[in-house]
Amino acid sequence: MDADEAIALISASGIELTDRRRNASNDGWSLSFANGSVVDVKDSGVLSASGNGAVEVARLLDLPGQS
Amino acid sequence: MRINMIATASVISAAMGGLSPASAAGYNDGHSNTLNLIDTVVVIYAENRSFDNLYGSFPGADGLQGVSDAALTQLDRDNTPLRELPPVWGGLTAKGVTPPVTQAETEHLANHPYRVDDPQGFNLPLGTITHDLWHRFYQNQMQINGGKNDKFVAYADSGAMVMGLWNGSKTAMWKVAQKYTLADEFFMGGFGGSFFNHQWLICACAPYYAHADTSPAKPSVAVVEPDGVSLTLAANSPKSAIDGIPKFAGDGNLTPDFYAVNTMQPPYQPSGNTPAKNADAATADPANPTTLPPQTEPTIGDMLSLKHISWAWYGGAWQDVLDHGNKTPVPNFQYHHQPFNYYANFAPGTAARTEHLLDGGLAGSQFIKAIDTGTLPQVAFYKPQGDLNEHSGYADIEAGDAHIADLIGHLEKSPQWPHMLVVVTYDENGGIWDHAAPPKGDRWGPGSRIPAIIVSPFARRGFVDHTPMDTTSILRFLTKRFELPTLHGITVRDDAVASYNQPPLGDLTSALDMTNSQ
């Protein structure tokens, strides 16, 4: 899954994208959402979620072990 | 003396048979003293429905009957009519809804509005959570396209979803609108989304991020065309709406001159952003690029306090989230729906916060308690918790509609009811199409048309009010009734509307007949 796909899935559930930028290690995108979650989308396709609301976005993204 | 004046006005009103916007304003201006009969004002602020989305077939309203085919037709990004609507990208129903309506099932819809609850079509009940849609500051202006409203599909992230409408006659609030007054020319105060329109409800202003170009938020400054209202398309943006969602060079939260127009997080808890390490636990990390610095513009709350008018913002689930954190799907509290939590005057630890930012309770229980016991302040704003606010993507219409109708039932039985005015409206259109052209205003709005229902013993009964209004009309009423200083943004808006030789925006009094008192 790439960043656009992750944004589409999360945004469709009413959780607005609030920030999108390259991550600190420049190997992917850091996406912030209105529920306080931050989704890291590596260029390799690996995803992880953190922050407030991480459980909800992990559920939406079907991330194993995070929901 | 007052009785004579009212009687005269009543005769004049009957003779007129109806009120043009200009005459309505003049009529009510002559009797503003009778507004003192209203002691309590309640504003209920739901989420994300255009007028046509719910009330497009309301009898007597400016709905879809009689709208020309051309006005129903959406254009592609190259200004040619779309041959059909693109599918709803990702499907019409939200994740987890069973059975789902998939993207494939939404292909080849004709290029005009459709009913998502059509028994011959998707046949979705009002209790269905559907796909959310972009509802953002610049996209909203691009979709409105100078009042033609023909680019909603072109600049959406949800394809055909923007043209999906409901049969609102099945809702409980439809019946409330039939009983009292439905305003059918009421527009959202600002372009775009919830964050911005909550600010417009309380401040009639655009929040500001000083020195954003040297702040963590710098990458969030939008890249805008010279027209000031259009985002610059990215080189790889699909040329046609049929081919995909538009891509922009920079679709951020801040204007190029650093006004915050899309969702930023409050600088105080509850906020989507956690505190900085070793910082005050009641704050949000200011180094987080989505934390808005504390705001200092005067709000309607400040104006009310100045005149010693009691008031409160009741946030549904406010205290539960402060005590226990947020949970989904219930209450699914929305941080950016609490506008006073962005202001230094209401920072944690201030007396003003304790007095004015109150817990609405889970499912509005604390708000309902105040209604039932007759202890509402003179002005009360109520924000339903997430699952009860009707927002696409995470809430359905049915639950929010039932909640608000239940509130109306409580309000009608409140000890304060005989001198009460209630306004039920939506913060914004949620990205959903509406055919009515907004009045031309200033750089911030008005945006798309939204429903507004005026409920009061003094409301005109069974009335559709065609007076042009927007969210700031609520502030206009409060300003007039309580003789408040006028917020700067209202003056700017009034001047802008007048500069286009349009009728002035109303102040809700056109929906009232002060002789109506039981």
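Predicted model: local features only at pLDDT ≥ 70, side-chain atom pairs only at ≥ 80, totals over all residues.
Local features need pLDDT of at least 70 and side-chain atom pairs count only at pLDDT 80 or more, while totals for chains, interfaces and linings use all residues. Residues are numbered from 1 along each chain as its sequence is written, and chains are lettered from A and ligands numbered from 1 in the order in which they are written.

Reader: What percentage of the residues of chain B count as buried?
Author: A residue is buried if 20 or more other C-beta atoms, placed from the backbone, lie within 10 Å of its own. Of the 518 residues of chain B, the share that counts as buried is 55%.

Reader: Which strand is joined to β8(B) by 4 bridges?
Author: Strands are DSSP runs of E of at least two residues, numbered from the N terminus, and two strands pair if DSSP finds at least two bridges between them. Ile44(B) stands opposite Tyr382(B) in β8(B). The strand that runs parallel to β8(B) over 4 bridges is β1(B), residues 40–46.

Reader: Which residue of β8(B) is the bridge partner of Gly315(B)?
Author: Strand β6(B), residues 311–316, pairs with β8(B) in the parallel sense over 5 bridges. In β8(B), the partner of Gly315(B) is Lys383(B).

How values were computed: Buried ≥ 20, exposed ≤ 12 C-beta atoms within 10 Å, placed from the backbone.
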